[in-house]
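Here's a quick briefing on a ligand-bound protein. Have a look at the sequence and the fold, then read on.

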Amino acid sequence: MLIKFTKMHGLGNDFMVVDMISQHAHLRTEQIKKLSDRNFGIGFDQLLLVEPPGRPDVDFRYRIFNADGSEVEQCGNGARCFARYVIDNKLTTKNRIRVETCNGIIELEVTPDGRVLVDMGAPILIPAEIPFVADSPLAEYELSVASKATETQEKVIISAISMGNPHCVLLTDDIKTAPVETLGPLLESHERFPNKVNVGFMEIIHRRFVHLRVYERGVGETMACGTGACAAVVAGQLRGLLDSSVEVKLPGGNLQIEWLGEGHPVMMKGPATKVFEGQVRV
Ligand SMILES: N[C@@H](CCC[C@H](N)C(=O)O)C(=O)O
């Protein structure tokens, strides 16, 4: 069958967005992998499905699949594109929408400057809920990472946070030379993260400005990761290194993140861009 889609991106983190309200299709893992292929398919980091709400207090249901076909709980850049998509395609007349993901509700608002403000909910710091294997919540944990290739053991200091999806954040002195391609995959599949994890490398420039690169679970390094930016700011604040409002510079551009501390939601503001529309046979 032929399905209509829109290609979008949030700071270069790119998406295939499909309206599953007016169309019906079941995409299998292998089909999603094929569509995500940058040579043989459309090419994207995540597939976003716009579905009718499953409960009365929300406007839509939002489903997210990584390029490897795995379904995931949350996607920050995708959430901003989701808001732009449903408003631009007149699927809602509201400027402020509530969206149900597979493990929570987020609130999205298009601001007068065209950017999208997302209430990402409160970060989860309890290890079992991240999920991460540890006895109690701490700002930092030491992990032992084994490299099979070099037969060495390395100790790294990380923060572990869930923004609906699991994140691990490391500090680096130089973002350009951070070991994203080597340490990223080792940590992504580390045994203490039973559901795998997204791995962020953060260089703190000052208390209100950081650089960040993220090795995403199920994708690899992306141009930007919204939930990764939220997790990095939470990690920096828990370690006493950042203020409540921080600009995060990712390879694809900048996000504004605000967190007022434990129990408060993380607010993320940034752009959402449409690239083109198309149809594909699945
Ligand atoms: N790009 C995203 C995160 C997408 C999901 C992630 N790869 C995971 O597996 O949890 C973002 O902008 O947050």
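Where does Pro131 lie? Pro131 is in the loop between strand E8 (116-119) and strand E9 (141-147), with strands being DSSP runs of E, at least two residues, and helices runs of H or I, at least four, numbered from the N terminus. This is a predicted model, where local features need pLDDT of at least 70 and side-chain atom pairs pLDDT 80 or more, while totals for chains, interfaces and linings use all residues. Residues are numbered from 1 along each chain as its sequence is written, and side-chain values use heavy atoms, with hydrogens and water left out.

- Going from Ile130 to Pro131, the peptide bond is cis, with omega near -10°.
- Lys90 isn't a glycine, yet its phi is positive, at about 55°; you'll find Lys90 in the loop between H2 and strand E6 (96-101).

**Who surrounds the ligand**
- The ligand has 15 residues around it, and Asn13, Glu216, Arg217, Gly226 and Thr227 are the closest (near means a heavy atom within 4 Å).
- Helix H2 (76-88) and helix H4 (226-238) are the elements giving two or more residues to that shell.
- Domain 1 (2-118 + 271-281) and domain 2 (127-264) both contribute shell residues, so the ligand lies between them; the bounds come from an automatic or database domain assignment.

**Polar contacts (N or O pairs within 3.5 Å)**
- The Asn13 side chain puts an N or O atom 2.7 Å from a ligand nitrogen.
- Arg217 has a polar side-chain atom 2.8 Å from a ligand oxygen.
- Asn77 uses a backbone N or O atom, 3.0 Å from an oxygen of the ligand.

- Protein covers 100% of the 360 Å² of accessible area the ligand has on its own (Shrake-Rupley method, 1.4 Å probe).

Key
A polar contact is a pair of N or O atoms within 3.5 Å; within protein, one must be able to donate a hydrogen and the other to accept it, and residues adjacent in sequence count only if both atoms are side-chain atoms.
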